[in-house]
Amino acid sequence: MRALKRTTVNPELADRFNRVLGETVEAMDESKIRYAFIGGIASGGLGRPRSTHDIDIFVMPEDAELVLRALSKHGFSTEKTDPSWLFKAFKSDILVDVIFKSKGEIYLDNEMFGRMITAEFHGKRLKLVAPEDLFIIKAAAHSELTPGHWHDALALLTHSNLDWEYLLRRARRAPRRVLSLLLYAQSNDIWVPNHVVLRLFANIFGELADTGAVEPSNVHDSHRDFSRVQAKANPTTGLRAPTREHPAYILPHLREALAQDPRTHELDIQIEQDGYKIVLQGEVTHQERRVAVENLAKEFCPGCVIENHIEILPCTEPGEPEEISRGD
Amino acid sequence: MIRVAAIGDVHYDRFCLNRAQSPFETLAGRSDLLLIAGDLTQAGTLEEAQALASHLRGISIPIVSVLGNHDFHSDQQNQITETLRSVGVVMLERETVTLRIRGESVGIVGLKGFGGGFSGACITEFGEPEVKSFARHGRLQAEALRSGLKSLKADYRFVLTHFSPVEGTLLGERREVYPFLGSYMLGEAIDEFGADAAFHGHAHHGTERGETPGGVPVRNVAQPVIHHAYKIYNFEAGTSRLSNSKRS
């Protein structure tokens with residue numbers, strides 16, 4: 001548990017801000033919707049003290065409308081500002097930004113939610129995104145008009161103990177941004193382990209990093225970097241297991257494999273994914289098929305944990321016939 | 001009265017080859033006719049069809065079936081059709097059959113059907129050749145259904161497809177896949193010439209009961225929906241509500 005620094009200096013505004021923040025927390029906690037604070041509140045809690053006049057909460061896209069409803073129930077006025085990433089709520093002239101997609105295609109996901117930390121602020125417990133996630137969000141959000149993000153992120157390096165392994169993995173969302181920020185930090189004598197910089201570089205440029213044949217590319221961060229390491233294609237099906245790809249691609253490829261692989265040809269399994277955990281659900285006609293699907297999933301997603309919840313479809317005697325009347 | 005047993009999406013696979021017990025053994029005496037709404041096999045292979053054929057051989061009531069998309073996967077649809085015909089199954093693809101059951105005539109139009117979507121979200125024959133060919137296949141299937149129903153004279157008239165003619169029985173499926181599960185054009189053809197009921201499969205997560213906009217009962221009999229080896233539907237003799245039917 002951390003103690004949050006004061007967020008503002010004007011005493012009247014500070015009181016009002018704290019009251020609305022409290023009501024936001026109350027509304028959100030009552031709604032049971034998964035969320036975490038980002039923006040100034042998280043920066044203040046995890047990095048440098050910084051004044052903020054608005055409240056940024058990060059939620060999953062499917063929950064964004066529910067958040068507006070929950071806040072509206074607590075007297076906030078709301079608006080669906082931009083359905084691609086941002087809704088807003090207001091109370092007592094304090095703004096709550098309900099953000100469901102951050103710049104660089106960053107979403108609140110289960111893993112991020114699981115890493116969230118709690119900080120205390122005026123007797124309230126606030127849920128903040130982990131410093132590593134905030135670092136990546138800030139790195140991706142930095143622009144000419146919002147240079148504060150860059151320095152908020154640097155402050156996280158000096159104020160928080162970052163889990164470098166987690167940062168490296170999550171940096172797949174904006175690897176070039178994160179790499180440049182880490183190098184910048186080193187240039188300012190902020191401690192960043194060399195191995196982190198080198199590994200992130202290798203993640204981006206793959207084998208090219210060793211040959212010196214690195215050419216700059218104009219591709220945006222968020223859509224690259226995973227394809228560099230080519231997985232071996234299955235000789236029978238020509239399908240490629242996504243060993244080092246971004247987890248977002250595991251699901252469609254696994255679906256394709258289940259449909260096309262001669263051992264399964266199964267189109268009807270519901271697959272859910274939570275980071276590197278794959279949950280298989282649905283019904284098949286017999287146990288052999290259930291096992292075949294699980295085995296293929298294991299083979300196809302070597303780094304993943306496979307949970308098999310597939311059930312065996314009953315094939316029993318029918319019940320009473322349905323009488324269908326003919327005509328009226 | 002006629003008692004129609006129906007099932008779809010039995011998806012026989014190589015594991016079914018050595019299964020002694022046929023799920024259809026109990027049919028005789030309970031129903032007059034078995035309809036199978038396609039996806040007889042999992043990978044569309046001959047050996048899978050042989051497994052199903054062995055379970056259907058010796059069933060004493062008439063069996064009428066269509067193919068589903070799975071049955072085309074290995075390009076062995078013709079062999080699958082022949083295999084089932086060899087054990088007495090009436091395989092229909094854009095064809096009709098009229099059976100005589102206890103003195104009454106029972107007509108069935110059977111075809112695979114195709115996707116294309118429903119009102120507000122359906123494909124049209126426009127753009128790239130691949131899109132046009134997808135849309136065209138669906139239209140031709142619907143045209144075949146229309147001409148089949150137009151010519152079918154029988155006391156009872158049924159439609160048997162793999163793809164769905166209505167949205168109602170898709171409830172439970174993701175909306176994004178509706179255009180791959182059926183086509184409004186099939187429903188339109190049914191409403192134009194009427195039928196006592198339409199049976200289909202394909203939509204494993206859908207629901208059993210629906211009807212066309214014109215009021216023809218539609219049943220999704222995919223096995224994952226029915227949750228039994230088959231389901232029996234009884235149709236009382238009487239006048240059909242639909243004017244194009246012969247009885248009216």
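**Group meeting: helix packing, a sheet and the A–B contact**

I will start with two helices of chain B, where helix 1 passes helix 2 in a right-handed crossing. Please keep in mind throughout that what we are looking at is a predicted model.

Two packed helices are described by the angle between their axes and the distance between the axes. For this pair, helix 1 of chain B, residues 46–56, and helix 2 of chain B, residues 77–86, have axes that come within 9 Å and cross at roughly 20°. An angle under 35 degrees counts as roughly parallel, and that is why helix 1 of chain B is described as roughly parallel to helix 2 of chain B. On the side of helix 1 of chain B, the residues that meet helix 2 are B:L46, B:A49, B:Q50 and B:A53, and facing them from helix 2 of chain B are B:Q79, B:I80, B:T83, B:L84 and B:S86. By class, the residues of this contact divide into five nonpolar and four polar, with no charged residue among them.

Let me move on to a sheet, still in chain B. Six strands form an open sheet with mixed pairing, and their order is 5-6-9-10-12-11. Which strands stand at the edges? They are strand 5 (95–101) and strand 11 (209–211) of chain B, each of which has a single partner strand, so one side of each is left without a neighbour in the sheet. On average, and with direction ignored, neighbouring strands of this sheet are turned by 25° against each other.

Within that order, strand 10 of chain B, residues 197–200, and strand 12 of chain B, residues 217–220, pair in the parallel sense over three bridges, and B:H200 stands opposite B:N220 in strand 12 of chain B. Helix 3 of chain B, residues 129–151, lies across strand 5, strand 6 (104–110) and strand 9 (156–160) of chain B, and runs at about 165° to strand 6 of chain B.

Finally, the two chains together: 22 residues of chain A are in contact with 29 residues of chain B. On the side of chain A that touches chain B, helix 12 (287–300) and strand 12 (322–324) of chain A each supply at least two residues, and strand 12 of chain A gives the most, with three residues. That side of chain A has seven nonpolar, six polar and nine charged residues.

Strand 12 of chain A also pairs with strand 13 of chain B, residues 231–235, in the parallel sense over three bridges, and there the bridge partner of A:E322 is B:Y233.

Note on methods. Residues are numbered from 1 along each chain as its sequence is written. Chains are lettered from A and ligands numbered from 1 in the order in which they are written. This is a predicted model: local features need pLDDT of at least 70, side-chain atom pairs count only at pLDDT 80 or more; totals for chains, interfaces and linings use all residues. Two residues are in contact if their C-beta atoms, placed from the backbone, lie within 7 Å. Helices (H or I, at least four residues) and strands (E, at least two) are DSSP runs, numbered from the N terminus. Ala, Val, Leu, Ile, Met, Phe, Trp, Tyr, Cys and Pro count as nonpolar, Asp, Glu, Lys and Arg as charged, and the others, Gly among them, as polar. Two strands pair if DSSP finds at least two bridges between them. Axes are lines fitted to C-alpha atoms, for helices over the stretch in contact, and angles run from 0 to 180 degrees between N-to-C directions. Angles under 35 degrees count as roughly parallel, over 145 as roughly antiparallel, 65 to 115 as roughly perpendicular and the rest as oblique. A crossing is left-handed if the near helix is turned anticlockwise from the far one by less than a right angle, and right-handed if clockwise.
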